[in-house]
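Let's take a walk through this protein chain together, starting with its overall layout and then turning to its charged side chains. Have the structure open and follow along.

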Amino acid sequence: MSIRVEPDDLAETVTGFPVAHLLTVGGRPRPHVGSVRATVTGGTVRVDGVGRTALGDVARDAAVTLLWTPAEPGEYSLIVDGSAAVSGDGLVVTPHRAVLHRPAAAPGRSAAGCAADCRDLPVDG
């Protein structure tokens, strides 16, 4: 099932998630992952608590993923893919795609096109 979520509505979705993780690549063959504080304002995501490695990665490659894990097992994770720009000691991320996702035994593909239980949350961008 696909549910349209406007960029301003992403802030409300994020409130249900206690922890955010930032994934960057920066030229390595595998991602760098760090826990961060992330807030959504006006259709962008402000990310604070970013370490030196992630800041350097974004300077080389703006593509990032933010992952909010669920508070309880069996609930959805929120995954946001976007482009980041360094802003002071943090980042500003412009979301390109957002999806609520959880593993589940699902026959075939969902309406959103994934083989698990997921809901696509389109964002303008």
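What follows is a short tour of this predicted model.

Begin with the fold. The chain contains two helices and seven strands, and their order along the sequence is α-β-β-β-α-β-β-β-β. Of its 125 residues, 34% are buried. If you take the contacts between residues at least 6 apart in sequence, 52% of them join residues at least 24 apart. The chain exposes about 6,700 Å², and carbon and sulfur atoms supply 54% of that area.

Now for the charges. Side chains of opposite charge can pair when their charged atoms come close. In this chain, four salt bridges are counted.

One of them is between D57 and R28, with the closest N and O atoms 2.7 Å apart. This pair links distant parts of the chain: D57 sits in helix α2 (residues 52–60), while R28 lies in the loop between β1 (19–24) and β2 (32–41), 29 residues apart. D57 counts as buried because its relative accessibility is 0%, whereas R28, at 33%, is partly exposed.

Next, look at R46, which is partly exposed with a relative accessible area of 25%. R46 forms a salt bridge with D48 at 3.0 Å, N to O, and D48 is partly exposed, also at 25%. R46 also meets D89 in a salt bridge, at 4.0 Å from N to O. That pair bridges distant parts of the chain, with D89 in the loop between β5 (77–87) and β6 (90–102) and R46 in strand β3 (residues 44–48), 43 residues apart. D89 counts as exposed, at 56% relative accessibility.

Notes: Residues are numbered from 1 along each chain as its sequence is written. This is a predicted model: local features need pLDDT of at least 70, side-chain atom pairs count only at pLDDT 80 or more; totals for chains, interfaces and linings use all residues. Side-chain values use heavy atoms; hydrogens and water are left out. Helices (H or I, at least four residues) and strands (E, at least two) are DSSP runs, numbered from the N terminus. Buried means under 20% relative accessible area, exposed over 50%, partly exposed in between (1.4 Å probe, protein chains only). Contact means heavy atoms within 4.5 Å. Accessible areas come from the Shrake-Rupley method with a 1.4 Å probe; for residues, only the protein chains shown count as cover. A salt bridge is a side-chain nitrogen of Lys or Arg within 4 Å of a carboxyl oxygen of Asp or Glu.
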